[in-house]
Amino acid sequence: MRCFTLLLFFSSIVAVALASNVEEAVISQVVEIHRLRPQTGSAGYTVPQLDCLSWRLAIETNNLQNWRSVPKECTNYLGHYMMGKQYRHDCEYVAKQAIEYAKSLKLSGDGKDVWVFDIDETTLSNSPYYARSDVAFGAKPYNATKFDAWIAEGKAPAIPSILKVYNTVLSLGIKPIFITGTKQNFKQVRIVNLKEAGYANWAALILKGANDTGSAVKFKSSKRTALVKAGYRIIGNIGDQWSDLIGENVGARTFKVPDPMYYIG
């Protein structure tokens with residue numbers, strides 16, 4: 001009987017030890033941090049270390065400012081991001097938060113509650129243009145003439161998730177207002193493009209006139225301030241650039257959709 005008791009005791013110890021080892025193996029598998037593999041060229045020379053995911057994160061958090069173009073090393077990465085699932089999922093997640101916020105509001109019902117929308121890379125996508133080889137998702141220097149020619153075509157598609165935000169805002173009785181850095185002479189083209197993409201109604205479409213000088217922050221702040229002085233309440237504001245979301249009278253809450261293709265300060 002004593003031998004049986006001792007055998008049972010040692011068996012329990014072995015079982016606990018084995019379970020512990022299995023648990024530790026599982027934990028180590030989950031929390032293991034893999035080192036970044038060195039990046040080398042075909043001749044064995046080290047490529048300057050640039051983590052494109054970290055670079056994109058720095059842009060979205062506004063830690064990297066006043067940059068002029070996408071690093072050439074990140075062209076392929078950015079192309080896969082913009083044309084793949086992740087960009088769409090990121091936009092959808094922003095839209096989800098914006099919609100939940102809008103539905104949670106207690107509105108005044110006096111017609112003065114407005115939601116400010118940017119256009120480029122917010123409500124409309126210029127990805128067909130930026131995917132061109134002569135643009136390379138922003139890795140090639142910005143060409144105003146080429147970009148204006150693209151805008152003049154009026155073929156920018158809607159960003160589906162932001163169109164959902166727009167439709168939700170409308171259904172709740174909140175008035176959409178577009179404020180864009182697009183030049184005033186493209187107003188009619190933008191109206192047609194917006195409507196064809198599904199944005200049929202708005203309280204105002206504000207474009208950049210000849211007298212609107214200075215930074216994008218100054219321009220958008222001045223237009224929002226004018227709305228507030230006219231008695232409107234900006235309860236929501238969504239854009240792809242930090243210059244859409246900082247400055248004066250940004251609104252009760254702001255939402256940023258991703259845009260690693262260009263920077264507007």
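This is a predicted model: local features need pLDDT of at least 70, side-chain atom pairs count only at pLDDT 80 or more; totals for chains, interfaces and linings use all residues.
Student: Thanks. How many helices and strands are there?
Tutor: Nine helices and five strands, where helices (H or I, at least four residues) and strands (E, at least two) are DSSP runs numbered from the N terminus. Along the sequence the pattern reads α-α-α-α-β-α-α-α-β-α-β-α-β-β.

Student: And what share of the residues is buried?
Tutor: Of the 265 residues, 40% are buried. Buried means under 20% relative accessible area, exposed over 50%, and partly exposed in between, with a 1.4 Å probe and protein chains only.

Student: Let's look at H3. Which of its residues are buried?
Tutor: In H3 (residues 75-83), Thr 75, Leu 78, Gly 79, Tyr 81 and Met 82 are buried. They fall within an arc of 165° seen down the helix axis, so they line one face of H3; the arc is taken from the directions from the helix axis to the C-beta atoms. Asn 76 and His 80, on the other side, are exposed.

Student: What does that buried set pack against?
Tutor: Helix H2 (52-60), helix H4 (85-104) and helix H5 (127-130). Contact here means heavy atoms within 4.5 Å.

Student: Switching to H4: how does it sit relative to H7?
Tutor: The axes of H4 and H7 (residues 160-171) come within 8 Å and cross at roughly 10°. Axes are lines fitted to C-alpha atoms, for helices over the stretch in contact, and angles run from 0 to 180 degrees between N-to-C directions. H4 and H7 are therefore roughly parallel, a label for angles under 35 degrees, whereas over 145 is roughly antiparallel, 65 to 115 roughly perpendicular and the rest oblique.

Student: Which residues meet there?
Tutor: From H4, Cys 91, Glu 92, Ala 95, Ala 98, Ile 99 and Lys 103 meet Ser 161, Ile 162, Lys 164, Val 165 and Thr 168 of H7.

Student: Last one: where is Thr 123?
Tutor: Thr 123 lies in the loop between strand S1 (113-117) and H5, and is buried with a relative accessible area of 0%. Beyond residues up to four places away in sequence, its contacts include Phe 117, Pro 157, Ile 162 and Tyr 199. The C-alpha atoms of Thr 123 and Tyr 166 are 8.5 Å apart, though 43 residues separate them along the chain.

Note on methods
Residues are numbered from 1 along each chain as its sequence is written. Side-chain values use heavy atoms; hydrogens and water are left out.
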